[in-house]
Every structure is written in C-alpha cells, then in structure tokens.
Amino acid sequence: MKKKLLSVVLAAAMMSTLLTGCGNDTSDNTSNGSSSAAPANEQQSSESAGGQETTEPVTLKWAIWDQETTRYWGDLKKAYEDSHPGVTIEMVDLGSTDYMTVLATELSGSGSDFDVVTIKDVPGYATLVQKNAILALDDYIAADGVDLSQYAGATDQVTVDGNLYELPFRNDFWVLYYNKDLFDAKGVAYPTNDMTFDEYDALAREMTDTTFGSQVYGAHYHTWRSAVQLFGVLDGKHTILDGNYDFFKPYYEMVLNQEADGVCRKYTDLKTEGLHYSAAFSGGDVAMMNMGSWFIATMISNLQSGEYDSSLCGNWGIVKYPHAEGVEPGSTLGTITGLAVTTASDTPDASWDFVKWVSGEEGAAVMASSGNFPAVMTDEVVDMIAGLDGFPTDEASKEALTVSNLYLEVPYAPNVSEINSVLDSYHGSIMTGEMSIDDGIAAMNKAVADIQAQ
C-alpha cells in the first residue's frame, strides 16, 4: 500500500472520529447490508485472487458479535463498501457468549451461507481448521503478494502444518494501566516503560494503603488465569503448551503474597462479587492494573460519556508490561482477532479481498480511528491512536503502544482447547486456596501430560 493512499485513509478515518466521537453509539455505522442486493449464490466475485475486478454486485455474509456495542464493525463495513462499489457486507451478530461454539455449529450445518467469519480465539480457530470449515489462504496470499511480516510474527504462531487459515485484523496486547492522581497524592513517581517484576511488586506495595475507609490497592488482577500465569511466558522460552508449568510458581507467589498483604483484592472476593476489572479501575482506588489494550477505547469512551467519574479515574496513563530480569522491555502478551473465508462460500475471491483489506493498512486505519489496535501497527497508526481525544498526553503512554516481543497468550495446537481448560481449572483451585501452588502446578503438569500423550 502506497503511503499516499494510507494517508488518505487515515485522514478519512480521523474525520469520522471527530464527527462521531469514541462513544459506544454505533447507530450510524452498523446498519445491515441492503436487502435489495441479489442473493450471494447468484453473484460473482468483485475481485479475484489476482486482483482483477469485475462489475457484478456481490453480497458477503459476515459473522461477528456485539454489533450494537462495537463500533469498528460498522466502521469497517462502511469504509469497505464506500471504496468497493457493488459490494454489500451483511453482518450477522451471533452474540459474544459462546460465539465460537455457535459459529462452529453454524458452519457444521449443510445450509451454512457465511462467506467471511471472524475468529475470536485460537482454540476456536483450531476447531474450525479441524472441521475443514475455513479455507487455507496461502494461494491467495502468494498471488496478491501479502507481506506476512507486517503481523510481527503473529501469523507464524497460527500456521497449521504449513498453512494459514486466517489473517489477523486486530491485535491486542497487555499493558499496565495506572491512576496518576493516586501516585500524585502519595508523591510517588509513576511506573515506567522498563520495570522488572521485583520493581513492579515494590511499587505496588509502596502505593498500597490498607486504612479502612480509604483503601488504595497497589495492584489489581482480574480473575482470568492470563492475568497471573502468563507473566511466565514473557521470556520467550515458555508457552502454555509446555506441559511443565513450574515457571508459573514465582508469579503465583507474588500475587498471593500481595493478596495476603492487602496489596490487591482477593480472587475469592472478586469471584463472589462478580467485580469486573473495568469497575475496579474506574472506582478510583486501584493504582495499577494489568489489562489488555482493548480497555483503552473503553476508558476513552466511558470518560467522555460520563459513565466513568473523571474525578476518580480521569487522570490515567499506561506503560509497558513489567518483565522478568534479563528480558527485553516491551515484551508482552498478545491476542489476535482474525478473519477467515469459509469453505461453504460461493464467492471465495470476493471474500478473500474483504479479508485482505480489513487485515491490511486500510482496515488498520479504520480500526485505529476509534482507538482500537489493528494487527498492522504502522507509525501513522500509532500516532493516530496516541492523538485521539482522551488518550493520555504523556510520552510514556505513547511509547507503551509499541512492543519489542509479542507472544500469543494461546498459540496454536490441535489440543489447545483441552490444555486451556486444564490451566483454567487449576488456576481457580490455586487462587481460592483449594490447592497449594505446588500441588496445583503438579496437577496441571500431570493433566496436560495425559492430554499430550493421547
């Protein structure tokens, strides 16, 4: 993509942001495709794998979730339709609850008519590959000269037996959020983009106030296992597929010791109360919280709409994830959201063109316009996100948008769903005190070994 064209797309996307803001109102951007368009099975592709355009109209049926509350679905649909006359994108909302299970069921039926599907997670991706429900894209990628290096290694981690079945269009990664007002009130220097875990732990303890009625929690960990376990994969030497999880131990010890000392809320209380991480941070009593970059758009939009009290959390920032001693600063965890072409599609060429566009620089500009993180992070996209109204203005927060090493939380494996389930289960057992750290990790090791031996 020529830089001049990208600049035009960025300018158009920024104008859309200025006109519509970063709120959750998607009424202007998420209407379904025109019902007057001809059925997909009566149409031809608008563009072939070799890039030759046709003039015949085409409707592509696209599986998504949470259409009404996720602005970028409508933004992508509108931008693509505007730049591709004759193409209609029909979005079908399958809901976020059990989305991948519902999608797999839909694609298993003989009557499935989805052309493009959104892949929410790697376990779901593995299921669709195994069901032969989505196409290998390698021939299209080669024919159109798509440069996979722009995905910073993410596509390598979801390649299956030499074949790639999805392209990522969104690539979220974990950062450390912090409340500047709490640090200012205590006269403590802000966290930095280069902190070891020892330095992070010491800072969390320094920020903690256990005084009844005026508590400040130095850190907060959501109940997901990824909030604790995956500190251990930042060295690039380990993954959740290892089968031996002794490397989790120091991070469980750090978090459970913080719990015991009142540095963070207890896991059992969070589960009992159902406290969401967004409510915890926006409540104004959490100094630091590890969470994904997806929360940036939520912070911006909810502060602008008044849903969050700006006096409690309006003065916020982000820094890079803490890292183990000797690990390069900027190493972090990532999750990708991808697009795939179904094997049931009657218009695979047109479907591929949509996948390629959304996952490329044009789609990246549209994603960035609402504060979301595309898989392709150009300098222009970083500047665009950092320049959004409501994004922290300090240089450290902008610097935190770039990463040095990105490791997928869940890399591909045929049995990744089963491994994921085991690690989830024993994480809960350790955090509730049902099992000791050593016993819980030993149980993980045995259960995953049994899975891998099958």
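1. Of the residues that line the largest cavity, 8 are nonpolar, 2 are polar and 2 are charged. The structure discussed here is a predicted model, and under the rule applied to it the count comes to 1 cavity of 30 Å³ or more; the volume of the largest cavity is about 50 Å³.

2. The lining of the largest cavity is made up of Y221, H222, W224, V228, V255, E259, C264, R265, Y267, L270, H427 and M431. At least two lining residues come from each of the helices α8 (249-260), α9 (267-273) and α17 (416-431).

3. On the cysteines, C264 is one of the residues lining the largest cavity, and it counts as buried because its relative accessibility is 3%, where buried means under 20%. C313 likewise counts as buried, because its relative accessibility is 1%. The structure holds 0 disulfides, a disulfide being a covalent bond between the sulfur atoms of two cysteines.

4. Helix α18, which covers residues 437-453 and has 17 residues, reaches 24 Å from its first C-alpha to its last, and this is close to the 24 Å expected at 1.5 Å a residue. Its buried residues are I437, G440, I441, A443, M444, N445, A447, V448 and I451.

5. Which helices do the buried residues of α18 pack against? They pack against α8 and α17, and both α8 and α17 also supply at least two residues each to the lining of the largest cavity.

Methods. Residues are numbered from 1 along each chain as its sequence is written. This is a predicted model: local features need pLDDT of at least 70, side-chain atom pairs count only at pLDDT 80 or more; totals for chains, interfaces and linings use all residues. Side-chain values use heavy atoms; hydrogens and water are left out. On a 1 Å grid over the protein atoms alone, a cavity is a set of points where a 1.4 Å probe fits but cannot get out, and a pocket is an open set with protein on both sides within 12 Å along at least five of seven lines; lining residues have an atom within 4 Å of a point. Grid points are joined across faces, edges and corners, and a volume is the space filled by probe spheres set on the points. Helices (H or I, at least four residues) and strands (E, at least two) are DSSP runs, numbered from the N terminus. Ala, Val, Leu, Ile, Met, Phe, Trp, Tyr, Cys and Pro count as nonpolar, Asp, Glu, Lys and Arg as charged, and the others, Gly among them, as polar. A disulfide is a pair of cysteine sulfur atoms within 2.5 Å. Buried means under 20% relative accessible area, exposed over 50%, partly exposed in between (1.4 Å probe, protein chains only). The expected span of a helix is 1.5 Å times one less than its number of residues. Contact means heavy atoms within 4.5 Å.
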